[in-house]
Amino acid sequence: MDRPNILFLMPDQLRADFLGCYGADFARTPVLDALAARGQRFARCLSPTPICVPARASMLTGASSLQTGVMTNGEWLRPDGAALGLATWPARLADAGYTTYGVGKMHFTPWDDPGGFTTRVIAEDKRHIGIKDDYADHLASKGAAKQHGRDLEGYHENGGACLSPLPLEDSVDLWCADRAAELIKAHDPARPFAMMVGFPSPHCPYDPPPEIAALFDPDSMPSPAPPTPESEALRPWFVQNMRRDWADIDYSDFTAGQIAKVRQHYSALIHILDIAVGRVLTALEARGMAENTLILFASDHGDFVGDYGLVCKNFFMDGSLRVPMILAGPGISVGLRPDTVSLTDVFATVLDAAGLPQPERSESRSLLGPPPDTPRAICGLTHRGAVIERGRYKLARYVEGLTTLHDMAADPQEQVNLARDPAHTEARRALEAELDRWIVAQAILGHAEKTAAPLPKRNAHVRGAGRLYPHPLPEAQR
């Protein structure tokens, strides 16, 4: 059988429960709902490092943040990462004969780095308006330019919900979709392709054009999760972070009306995303490639959009941590898959689909096989803390000194912290021990380039025998 094409569609900052196929009756997502209906929808997918750049580094390499060394948005993969065993999946597929396309937002450093893609068409972060990428060139040709949220109507008074002055057809997500469609139309079918389309929305600023915002009623938006003592302990860092120039907005007083407006505009951006995905899928069908293309849809992390009086991500509650995961295409069964998976599993899934081996040092597991027999532990670490989820329990430890334990089956809005509940002491200790083991093992892998692996005995005394890297893992670390 010919190797399939691979299409990975990745919006920025999309939580799962604002899509129709994940239960949002207020959503307008017919394209994504139809994609889920003809493929496999994962009930629970977590982004273990729910910050843009760390999440993308792990998704691209299959490695944890401790192994990549990327735990904040100010860091990126080492330039010699491939030599250290951390080649990205686009680079691995390109080496295996795929044509690889990267369209839209990737969040690489530098922003125009290939990242393993043979072709890039770039529309970078909505917040970093100084980047002179291909989308900036497009706007300039129309006599327009990127604008900071503070320059748009409604930004400060509505808690980040503002209105774009651009026509819908010039929105960044439709621009990305049209560039992806052009590449699909021009692709030489003699070679398979792997394409990642990075849509910059629904990341803040929440900036749809007026006619799309008007399709949603702020009074019909779902109520946010109420604040808790734990979220209030985390909130001061969030407020200070959002006051920085990249956002320039004060959330000290985030009113119910502002939250409803943010949710309205967030939903509007998701509707535009749905239209954009439809254009890419239509291009596939027009080329007759739909039957031999594996489609993955997932986001780098979610957005609180008012839960606990917060927006954006960083913390380990579900609004930030839980993302959609949809697979469709050849060989994919139809229906709901109940086990918990990770965004990082994109790496192994893409390699598996292309017939490539899985690296030995990897957090990633292919989603093309059957679910595991026992619940899998999903672990993550960022500059804000560490998290582990196994089965129904999620435990998080924050740099503020806060520990939370939640029964996600009984308490999906994470209102009751069980960390000090005597009845849950055993569950807490088990998760803490497993998280500690994971952190130590990943820290060792994160320094593997320094390991002096034993030389084979026959070479032990040979001058210039050199040093092997990556060296095989000791049995105890496999």
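Modeller: Contact means heavy atoms within 4.5 Å, and Phe199 is a case to read with that cut-off. The model is predicted, so local features need pLDDT of at least 70 and side-chain atom pairs pLDDT 80 or more, while totals for chains, interfaces and linings use all residues. Residues are numbered from 1 along each chain as its sequence is written, and side-chain values use heavy atoms, with hydrogens and water left out.

Biologist: Which residues does Phe199 touch, not counting residues up to four places away in sequence?

Modeller: Phe199 touches Leu9, Met10, Pro11 and Asp12, then Asp173, Cys176 and Ala177, and also Leu273, Ala276, Val277 and Val280.

Biologist: Which residues of the largest nonpolar core touch the most other members?

Modeller: A nonpolar core is a set of buried Ala, Val, Leu, Ile, Met, Phe, Trp, Tyr and Cys residues joined through side-chain atoms within 4.5 Å. Buried means under 20% relative accessible area, exposed over 50%, and partly exposed in between (1.4 Å probe, protein chains only). The largest core has 87 residues, and those that touch the most other members are Leu7, Leu9, Met195, Val197, Phe199, Met242 and Phe297. Helix H9 (residues 256–286) gives this core its largest share, 14 residues; helices (H or I, at least four residues) and strands (E, at least two) are DSSP runs numbered from the N terminus. A second, separate core has 37 residues, including Val53, Phe117, Leu296 and Val350.

Biologist: How many aromatic pairs are there?

Modeller: A pair of aromatic rings is described by the distance of the centres and the angle of the planes. Rings of Phe, Tyr and Trp (its six-membered ring) pair if their centres lie within 6.5 Å; planes under 30 degrees apart count as stacked, over 60 as edge-to-face and the rest as tilted. The count is 16 aromatic pairs. Tyr101 and Phe193 form a tilted pair, because their planes stand at 55°, with the ring centres 6.3 Å apart. This pair links distant parts of the chain, as Tyr101 in strand S3 (residues 99–104) and Phe193 in strand S5 (residues 193–202) are 92 residues apart.

Biologist: Is Tyr101 buried or exposed?

Modeller: Tyr101 is buried, at 8% relative accessibility, and Phe193 is buried too, at 1%. Phe304 and Tyr308 make an edge-to-face pair, with 6.0 Å between centres and 80° between planes, and both residues are buried. Ring pairs join Phe304 and Tyr308 with Trp237, Phe315, Phe316 and Tyr398 in a cluster.

Biologist: Which charged end sits over the ring of Trp237?

Modeller: A charge sits over a ring if NZ of Lys or CZ of Arg is within 6 Å of the ring centre and within 35 degrees of the ring normal. Over Trp237 it is the end of Arg384, 4.2 Å from the ring centre. Arg41 lies over the face of Tyr22, 4.9 Å from the centre of that ring.
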